[in-house]
Amino acid sequence: VVGVVLCVMLLVVSMAGNVMVLLNSKAMSRESKDATAKGVFAGRGTVEAAVSSPPSQASSMAAAPLQATAQGNGGGLLECSVEMQKIHDCVRVGGKCEGDAYLACLRRHGIQLQQGEYTHLVQAKHGRFLVNVWDMYIGASLIAYGEWSEEEVAVMRGRVRNDSVVVDVGANIGALAVPIARAVPNGLVFAFEPQRVASQMLATNVQLNSLHNVIVKR
């Protein structure tokens, strides 16, 4: 299926000069994916059996998004990345992993999670994003800096027109798709994300930012 989709996209690109295809690299490490597959960490720091869908409170959270600590240097949240790295190292070797220290660090910086919750709503540079707090890359960057791969965003936005068609393959939670969609108000963004939870969060972030020109596909 993926091969067919890519062939169709390449055909479209060959026929139209106003189409951009983004083939994103894997945003999450193998260890990060393993952690997601095995489950999310509960409030008491143990691994749960399965990943649940984003909590139903997400809609109510949207009314009052929390501010990202976009201080340019990550603020004190950088210390939390050290604890996150310990978790990833533990998962990689198949140990009995706990997330108490990481959760405690998040709480010290104003991110309060109930037992079993793994999402956090931030007001970032390019809009509102529901992020996975266990993602040490995109999620952590949006929480700490309010942005993700800003140089890449700038390059992509500089290469599109307001009516361009953009295909984002491996869109994750939309950290690139959202700002690019704003840059093509009369165009269209096709955002593909195969991971179930990431795809659900991608669709949520499209809605949180009231983007009518994004089509999410899994």
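Student: What is the relative accessibility of Ser149?

Tutor: This is a predicted model, in which local features need pLDDT of at least 70, side-chain atom pairs count only at pLDDT 80 or more, and totals for chains, interfaces and linings use all residues. Residues are numbered from 1 along each chain as its sequence is written; side-chain values use heavy atoms, without hydrogens or water. Buried means under 20% relative accessible area, exposed over 50%, and partly exposed in between (1.4 Å probe, protein chains only). Ser149 counts as partly exposed, at 26%.

Student: Where is Ser149 placed?

Tutor: Helices (H or I, at least four residues) and strands (E, at least two) are DSSP runs, numbered from the N terminus. Ser149 has a positive phi, near 50°, and is not a glycine. Most residues other than glycine have a negative phi. Ser149 sits in the loop between H6 and helix H7 (150–158).

Student: Is Asn172 buried or exposed?

Tutor: Asn172 also has a positive phi, near 55°, in a residue other than glycine. Its place is the loop between strand E5 (165–169) and H8. With a relative accessible area of 5%, Asn172 is buried.

Student: How many disulfides does the whole structure hold?

Tutor: A disulfide is a covalent bond between the sulfur atoms of two cysteines. Here the rule is a pair of cysteine sulfur atoms within 2.5 Å. The search finds 2.

Student: What is the pairing when the bonded cysteines are numbered in sequence order?

Tutor: In sequence order, the pairing is 1-4, 2-3.

Student: Which helices does the disulfide of Cys80 and Cys105 tie together?

Tutor: The S-S torsion of Cys80 and Cys105 is about -85°, so this disulfide is left-handed. Cys80 is buried at 3% relative accessible area, and Cys105 is buried at 1%. The pair ties together parts that are 25 residues apart in sequence, because the two cysteines lie in helix H4 (residues 78–92) and helix H5 (residues 100–108).

Student: Why is the disulfide of Cys90 and Cys97 called left-handed?

Tutor: Cys90 is buried at 18% relative accessibility, and Cys97 is buried at 8%. The bond is left-handed because of its S-S torsion, about -100°.

Student: Which residues does Glu83 contact beyond its neighbours within four places in sequence?

Tutor: Glu83 lies in helix H4 and is partly exposed, with a relative accessible area of 21%. Its C-alpha atom is 9.2 Å from that of Asp100, which is 17 residues away along the chain. A contact means heavy atoms within 4.5 Å. By that rule, Glu83 touches Ala101 and Tyr102.

Student: How many residues are in the largest nonpolar core?

Tutor: A nonpolar core is a set of buried Ala, Val, Leu, Ile, Met, Phe, Trp, Tyr and Cys residues joined through side-chain atoms within 4.5 Å. Tyr102, Leu106, Trp134, Leu142 and Val189 have the most contacts inside the largest one. Elements giving two or more residues to this core include H4, H5, helix H6 (138–145) and helix H9 (196–208). The core has 48 residues.

Student: Which residues touch Leu106, setting aside those up to four places away in sequence?

Tutor: Leu106 is among the core residues with the most contacts inside the core. Its partners by the contact rule are Leu77, Cys80, Ile111, Leu113 and Val133.
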